[in-house]
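Subject: Handing over the structure, with notes

Dear colleague,

Please find below the structure that I promised to pass on to you.

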Amino acid sequence: MTTSRRQFFGQAAAVSAGVALSAPAVEALAAEPAPAGLVDVVFEVNGERQKLRLDPRVTLLDALREQLGLVGTKKGCDRGQCGACTVHVDDRRVLSCLTLTATLQGKEVTTIEGIADGDDLHPVQRAFIDHDGFQCGFCTSGQIMSAVKVVEEREVRTDDQIREAMSGNICRCGAYPNILEAIKQAKAGDR
Amino acid sequence: MHAFDYAAASTVRGALDLAGPGSAFLAGGTTLVDLMKLDVLTPDRVIDVNALPLKGIRLHDGALRIGALERMSDVAAHPVVRSVHPVISKALLLSASGQVRNMASIGGNLMQRTRCDYFRDVTSACNKRRPGSGCPALTGVNRNHAVLGTSDSCVATHASDVAVAFVALDAQVVLRSKDGDRVAPLEEFYRLPGSTPDRENVLGPGELIAEVVVPVLPWARHSTYLKIRDRQSYEFALTSVAAAVDVKRGVVQDVRLAAGGVAAKPWRLRAVEEALKGGVAIERTFAEAAESAVDGARPLAHNAFKTALLKRTIVRALLDAAGAR
Amino acid sequence: MIGRPVDRVDGRIKVTGAAPYAADTKIPGVTCGYLVTSTIGRGRLTGMDTAAALASPGVLAVYTPFNPLKLFAYVQEQNDERFPPLQDTEIRFFGQAIGFVVAETWEQARDAAGLVTATYDQQPPVTEFPGRTLQAFEEVEEVVGTQTVGDITFTASYTTPFQHHCAMEPHATVATWNGDHLTVYTVSQGALLVQRRLSETLGVDAAKIHVLSPHVGGGFGGKWGNWAQVPLACAASRALGRPVKAVLTREQVFAMAGHRPRTKQTLAMTCTEDGKLTSIVNDGVTSRGLGGNWSESVANWTLTTYASPNLRVTKTVVPLNLGAATVMRAPGEANGSFALESAMDELAAQLGVDPVELRLRNYATLVPNTGKPWSGKHLDECYRLGAEEFGWSKRPKQVRATADGDWLVGTGMATATYGASRGQASIKVRLHPDGTASVSGTAADLGTGQYTVFAILAADELGIPVTRVRPDLGDSTSPAAANAGGSNSTCTNGPAVQVAAKAVQTELITLATTNPRSPFYGKEVSYRDGSVSSGGLTMSFGTLLTTCDVGGVEAVGTSPRLVDPEHGFRSFGAHFCEVRVHRLTGEPRVTRWLSVCDAGTIVNAKAARSQIQGAVVMGIGQALLEATEVDVSARFTNANLASYLVPVHADIPRIDVRFLDHSDPVISGLGAKGIGELGIVGVAGAIANAVHHATGVRVRDLPITLDKLL
Ligand SMILES: Cc1cc2nc3c(=O)[nH]c(=O)nc-3n(C[C@H](O)[C@H](O)[C@H](O)COP(=O)(O)OP(=O)(O)OC[C@H]3O[C@@H](n4cnc5c(N)ncnc54)[C@H](O)[C@@H]3O)c2cc1C
Ligand code: SF4
Ligand code: FES
Ligand code: FES
């Protein structure tokens, strides 16, 4: 029984799973419901409307990286255990590796590629450079996306509160002390 | 992750209609998606319940009522929760990370699965995941495992923090199925592993947790949640204690205590509560009362320290809650 | 410019998500490879069923030892796997690669990999340490003197567990062929390490293999070797005629991509009544994973740290059914120093001597095991400055003497030293008509700041702003520079950058004086601050190149390997820390840190400080949190980032770092030694000593978790 289900969905998925259809193609398909095993999702990424027809297994992290070409968001564990994949969905910081893209109908996603204002870096990005808040840079997108929200959180004030609020973002290079200083700088500017 | 059929439900009725054997409700996904990637859970159909109206945090009829789809971070930050039952807020804020708390729902939290590493590794035997296959944790690496409420079939802990606070506060869960609603005390909602560790709770197939109902306890404003772990944050508990104490003129009038990280389910410490009542609120009383917390404990090769640690966690939590310093 | 704090030149691309890492590579038509791994720890594969996987949607191929991709045997030791994947049926460790599924998408490949089944002829894996072993052999590492007598004796054993690098970037490789030319984007601590490995195993001329590894998401030794995904992605891509991308899951990284071995050291020391060491014997035991050949020199740190007329160090290797043990930040020395630095503290207590004072009494003015002079050593200054800044003199002599509320407070210190060496490196500097200079070499920046080091040194030598230098790293077509390992990148590559930046000035002058279009044609010229001058005329090199209509001038500079049998070379430092332990629940937390380092010339004060801080953070993990557990099945049971605990923000206090300003002129004109690994050496010892000071409990087995302090 299980096998037949898998074959059924599987074959449909084989047609175009994981492939981002170009906008006109989705437009053309929009009238028709997605073939069995695939889902259509319309959502915004960094202010741009995106329409994807995809295998429902595709996480937001994989959709961003593999289908939308936004590879700034990183996969450190794919299990919710490191924070490297942090993005904002409807203005909250979340883990894109545990978010199924199918659930994002009508939502707004912001990634590391979407926070600078053209060539002007976001103050948190600037502060990370000023304080050397990274080494290898692999956790950095996630740290910054988290930090942007922590800077906004008025209740997070002391060094220990910032450390706790940032503890869902692991940095194996150990840039923690500098990230703390960067967040303090950004918070000071934010007030 | 095996292929599945995805459906988003907009009404409770719709969700219940879609549900069937082999289906799974999807809330925040922080347990479900994780375990699907590991092939630990392999639902045929995933029903997105996030649009259901199981929301709201309110005081009603002498109880705090929390919708199952409220997010951990929203519950933790809610002014009513913070003033009526601060222990709930504290337990949530010591859980997971800011990002996970923004995603995860209260219902999902209560339904989260154990963090036993053997359970999470499908190449390993595990009675909870594959009934009858054996329990490698009994003789394997078991430092994080339970010492209370375990069986020869399974020694895993229940990993939720907020459930510990709820159990201390006599919370109930409202369960909704096509047959209507039923209410169960959370403590009884969870089952001990016995010989069927795969059956973790009394939820029927296709049944939803709709709401958590926590009776208001005026003195529970003096409450705390203490979580002990190796890492300062972003880790599950080695031991944890939810404590609320009512101290008048230095004497314990009433007390609620439950422990996490040590037992097969959120563990109410009734014997300790009884031993404390009428006692002088000082460390020695707390320490003497805490002795009974580990009655019947079954330590394993690597987690024997949890019995001593639990007792000390209780003492420390009581000192905090009683404001004894 | 050298020694000032400079923002990283790769800062902007890193904070905007634009820095390309291997897995970010976009190639049209790329397919996804996913590894299938063994579910036993020792035995032989007897069969595999791949039918379901092959029938699964999107699957292009399933390779196994029964249907392998041909790979030739590895010839050279690279501290990684002994055997290329899928070439034999022997299972040496749990999680060994036994299959490779290639599909159109990641989701399809992952699902199909789960459908592959295997049957085995199983044998009980060997996992006990030290325990009964397959073959334990003793190597006498070194003996100096033979006396082991003294007035005071001290003996104790110290152990350290398996640990994992846990670089945030999992191992990733993307391979694509154009005819018989291979281009491979991969994680690596040195592009040439990959090129050499692939040339061996694919049987392809190295000249036809182009390796690109411009940004690496942390290495710490774990990306020195090439693990199974590297050859498999390349070979599968060749077989399928499609680009292949293979990324290890975090669990696979734990199982197969190297780990720090387990160790046990038994130290026996004797000294005179006034605390002068008369002998140190350190018997080290270390594990080796049967997936690899490498083992660490666990006890050798004892040979070079304190003065003692008699020294004896041994090494016993215990092979286990595990993936390859490999180099991890300060291999040998991070573990080795934990034992000796703890023992020195214990001996100090036994003698009633202050721990800093005991170290000064046994200060090694010459290299202890060779009697040679040091190229430069100012460790005594590190101790004194550190003690003063930290307030060491206020430290109570008694243990368990200080409490802050319910927290017991203690302080501890330890010595750090790490070997320094200068290898050969070649670097190319090219001046462009747009006024910029590019600097290239096969070196890698794993987060070390090597890009910025290149930019600073070239800018300094050329007399132009750092922002006009474009460093170009991680490309195998560049001149052969030092790989990122052994803390000698800056020490080795730095002088080569200087040589090349000088050489290119000569090229520019030749152009200026010999090119008929040059205004300096036939004149005497000089070069200064990016410009050529003669008489009253000064012209920037950009304008000169433009005027001459020349696309650029370049020069390759080579700095030779330093062969100096006269001296001993090491970096030095001292750590001071404060630890708090809860009196009831026992959890230890580090609350204050100071490291003072003597590492020669510091090129970039900003990134150098970060390097030391980062190493201290990893050392805090080593001391208090990190241990990979192995059970009878030979699996690492906690092979994930929720169960293997690395420090998070909340674990880390403010970390103060001071650098002494002493260039080491013997090692090079630049005078830089290494800092990448120095910072972790001694950290665990300092913390163990502080925990003892706080609680009176001596923990000799890492990590120091609360259960050991209850
Ligand atoms: C790295 C990490 C660290 C964590 N640390 C902690 C911690 O320290 N403390 C802690 O308490 N938790 C911790 N968690 C667990 C986390 O809190 C749970 O994963 C989360 O609460 C689950 O909620 P969800 O909404 O995401 O559930 P989902 O993943 O959506 O669902 C979980 C399960 O519950 C079912 N379900 C969901 N909602 C309902 C409902 N209303 N009725 C019936 N069934 C339902 C689903 O079908 C599924 O089986 C951690 C998780 C991660 C990934
Ligand atoms: S303890 Fe329970 S969950 Fe863990 S392996 Fe044993 S049966 Fe499975
Ligand atoms: S990749 Fe999402 S938390 Fe690690
Ligand atoms: S900068 Fe390398 S992991 Fe954070």
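Helices and strands are here runs assigned by DSSP, a helix being a run of H or I of at least four residues and a strand a run of E of at least two, and they are numbered from the N terminus. The model is a predicted one, in which local features need pLDDT of at least 70 and side-chain atom pairs count only at pLDDT 80 or more, while totals for chains, interfaces and linings use all residues. Residues are numbered from 1 along each chain as its sequence is written, chains are lettered from A and ligands numbered from 1 in the order in which they are written, and side-chain values use heavy atoms, with hydrogens and water left out.

Chain A

Chain A has seven helices and five strands, and along its sequence they follow the pattern α-α-β-β-α-β-β-β-α-α-α-α. I call a residue buried when its relative accessible area is under 20%, exposed when it is over 50%, and partly exposed in between, using a 1.4 Å probe and protein chains only. By that rule, 62% of the 191 residues of chain A count as buried. A contact means heavy atoms within 4.5 Å, and among the contacts in chain A with a separation of 6 or more, 56% are between residues 24 or more positions apart.

Chain B

Helix α11 of chain B, residues 283-290, has B:Thr285, B:Phe286, B:Ala289 and B:Ala290 as its buried residues. Seen down the axis of α11(B), these buried residues fall within an arc of 130 degrees, so they line one face of the helix; the arc is that of the directions from the helix axis to the C-beta atoms. On the other side of α11(B), B:Arg284 and B:Glu288 are exposed, whereas the cover over the buried residues includes β11 (251-260), α10 (270-276) and α12 (305-321) of chain B.

Which residues come nearest to ligand 2? Of the 14 residues around ligand 2, they are B:Cys116, B:Cys126, B:Cys135, B:Cys154 and B:Val155, where being near requires a heavy atom within 4 Å. The shell divides into ten nonpolar residues, three polar and one charged, with Ala, Val, Leu, Ile, Met, Phe, Trp, Tyr, Cys and Pro counted as nonpolar, Asp, Glu, Lys and Arg as charged, and the others, Gly among them, as polar.

Chain C

Chain C is divided into domain 1 (12-124 + 166-256), domain 2 (263-421 + 565-708) and domain 3 (423-559), with bounds that come from an automatic or database domain assignment. The centres of domain 1 and domain 3 of chain C, taken over C-alpha atoms, are separated by 37 Å, and the contact takes 20 residues from domain 1 and 15 residues from domain 3.

In helix α9 of chain C, residues 379-390, the buried residues include C:Leu379, C:Cys382, C:Tyr383, C:Gly386, C:Ala387 and C:Phe390. Down the axis of α9(C), its buried residues fall within an arc of 120 degrees, so they line one face of the helix. An α-helix has 3.6 residues a turn, so residues three or four places apart point the same way. C:Arg384 and C:Glu388 are exposed on the other side of α9(C), and α8 (355-361), β17 (407-419), β25 (570-582) and β26 (588-598) of chain C are among what covers the buried residues. After α9(C) comes C:Gly391, whose phi is positive, near 80 degrees.

C:Trp106, found in helix α3 (residues 106-113) of chain C, counts as buried because its relative accessibility is 13%. Neighbours within four places in sequence left aside, C:Trp106 is in contact with A:Asp62, A:Lys75, A:Asp78, C:Cys32 and C:Tyr34.

Finally, some backbone details deserve a careful look. Most residues other than glycine have a negative phi, and most peptide bonds are trans. The peptide bond from C:Phe129 to C:Pro130 is cis, with omega near -15 degrees, and C:Pro130 lies in the loop between β6 (117-122) and β7 (137-144) of chain C. C:Ala330 has a positive phi, near 60 degrees, and is buried, with a relative accessible area of 0%. Phi of C:Asp549 is positive too, near 55 degrees, but C:Asp549 is exposed, with a relative accessible area of 58%.
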